[in-house]
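Student: I have a model open and would like to learn how to read it. Can we go through it feature by feature?

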Amino acid sequence: MDNLRCVNSERNSWLFDAEHVWTSTTMDQIEVEESVQDIYDAFQEKLLSEPAEGDLQRIPEELLLKRKALESFLMKGSTNLPGSYCCLDASRPWLCYWIVHSLELLGIEVPASLGSRMVKFLGKCQSETGGFGGGPMQLPHLAPTYAAISTLCIIGTEEAYAVIDRHKLYDFLLQMHQSDGSFIMHEGGEIDIRGCYLAADVARLVNIVSEELFENTAQWIVRCQTYEGGFGGVPGMEAHGGYAFCGVAALTLLGHERLCDVDALLRWTVNRQMQFEGGFQGRTNKLVDSCYSFWQSAIIPVISSMTEYNTPKSLFHSGALQEYLLLCCQHPYGGFIDKPDKHRDYYHTCYSLSGLSISQNFTGSSTTKPHIIGKSDNLVIPVHPVYNLGIKSAIRATDYFQKLPSVKT
C-alpha cells in the first residue's frame, strides 16, 4: 500500500498555484482541489489507522470497486430510468451502449432476454435510408449510429449482427461524407471531427471501408490539430480531449496515424493529467472530469502501438488515475460521478470504467502484468482503446463481418 500516491508526504507540492491571480477559473480549480484533498486526507487517516493483517495493510473499502452496487445501478437503468433522463430522449442508443459496455467491462454477461429486447429496440431505431436515430422514427445521426452498432457488437449474437443493414449504412455514411473529407453528423447538420471517427469506427467494425467513403478524410483531420498538439472539433478550434481522441483514433482506423504530429499530441495529452487530483482535464486550464479518464488516457496506448513510442513503462500515472476514480468518483450506491459533489450518471460510469481499464491493462509492454490499485478484484476487462469495446467483442465483430461480402456493387 505504500505505493499509493495520495499518502505521499510531497502531495501538497502538487496543489495549484494561483500566483495571486484570482479569477473564476483559478477559484474553481482551488475549490475542486480542496474537495479532493478532503477525500484523500480522510482516506490517508483511515489507512494509517487500520490494523495490519499480518505483514499486509488492510485495504479500506473506499479503494474497492463497488461491483455489486454498480451492477444494481446498471441493471436498474436498463429497464427503468428516472424522469430526469427525459432530456436524453434522442440519445436512447447511447443509454444502451453506456449500460451494456459498463456491464461488459465488469465481466457481466448481458442476460439473453435483455440483450434480445435491446436488439429489437435498436432495430426500430434504424432508418429506412440507413444509419440509426436517437429513437424510433428519429432522424438518422452518426452519434446514435455509433452507439447502436457498438451495443449490437457487444451483445454479439446473430440476432444482433443481423439488425445492421450494411448496404444502407454505407449509403448513409456516403451521404454524410463531404468533398473536403469531413462528415456532417446528420442531414443538414454540423461538421466536426466526431463525424470522422464515428464513421470510420462503424465502417471498420462492419467491414464497409472504401477509398470513396473516406476520400480526403485523413487530410481534413490533420488540419484539426492545433498548435498545442491536441485536436479541435474543426480546423482553428481549441484542442479538446474528446476531439483529440476522435482525431487520432480515426487516423488509426484509416491507417494514417503518422500524418499528425505525434510528438506534440503525446506531449499535450500527458500534460492533461492533473498532478494533484490524478484524473484528466479535457482542455488546458479546465477542471478534472472522470469521463476524460478514457478520452485522454486511451490516446496513449494508441500512440504506444507505434514502434518508436513503445515503452515498458506507462506514459501517464496509472495509479494516480485509479485513485481519483475509486476514491473521488465512486458513488456509494453504485455508478461514477464527474468529480466530488456531482451526481452519478451512466455516461460518466461508462467512461470512468473505460479509463479504469486503460489504466490497469495498458501499462506499457504487452508482457507487463496489470497494474491494479487496491485488491485484484478491482480489475476490469481490457478495453480496445480505439473502438472502446471489450477487446473480445471488437475481435468477434470484426471477424464476423470480415467474412461477409463487400457492400460495393
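Tutor: Start with burial. Buried means under 20% relative accessible area, and exposed means over 50%. Partly exposed lies in between. Keep in mind that this is a predicted model.

Student: Is K339 buried or exposed?

Tutor: K339 has a relative accessible area of 9%, so this lysine is buried.

Student: Which side chain does K339 meet in a salt bridge?

Tutor: First the general idea. A salt bridge here needs a side-chain nitrogen of Lys or Arg within 4 Å of a carboxyl oxygen of Asp or Glu. K339 pairs with D338, at 2.8 Å from N to O. D338 is buried as well, with 12% relative accessibility.

Student: Where does D338 sit, and what does D338 touch?

Tutor: D338 lies in the loop between α14 (318–328) and α15 (346–361). Leaving aside residues up to four places away in sequence, D338 touches V288, D289, S290, Y324, C329 and H348.

Student: How many salt bridges are there by this rule?

Tutor: The count is nine. One of them joins K120 and E159, with N and O 3.0 Å apart. K120 belongs to helix α4 and E159 to helix α6 (residues 158–163), so the pair ties together parts 39 residues apart in sequence. E159 is partly exposed, at 34% relative accessibility.

Student: Which residues are linked in a network of salt bridges?

Tutor: E190, D192 and R194 form such a network. Within it, D192 bridges to R194, and their closest N and O atoms are 2.8 Å apart. D192 is buried, at 7% relative accessibility. R194 is partly exposed, at 28%.

Student: Where is E19, and what is its phi?

Tutor: E19 lies in the segment before α1. Its phi is positive, about 55°, although E19 is not a glycine. E19 is exposed, with 59% relative accessibility.

Student: And what is the phi of N285?

Tutor: N285 has a positive phi of about 65°, and N285 is not a glycine either. Its place is the loop between α11 (262–270) and α12 (292–295). At 60% relative accessible area, N285 is exposed.

Student: Let us end with G135. Is G135 buried or exposed?

Tutor: G135 is buried, at 0% relative accessibility. This glycine is in the loop between α4 (112–125) and α5 (142–155).

Student: Which residues does G135 touch?

Tutor: Contact means heavy atoms within 4.5 Å. Not counting residues up to four places away in sequence, G135 touches R92, P93 and C125. Look at P93. G135 and P93 are 42 residues apart along the chain, yet their C-alpha atoms are separated by 7.2 Å.

Note on methods. Residues numbered from 1 in each chain as written. Predicted model: local features only at pLDDT ≥ 70, side-chain atom pairs only at ≥ 80, totals over all residues. Heavy atoms only, no water. Helix = DSSP H or I, 4+ residues; strand = E, 2+ residues; numbered from the N terminus. Buried < 20%, exposed > 50% of the residue type's maximum accessible area, 1.4 Å probe, protein only.
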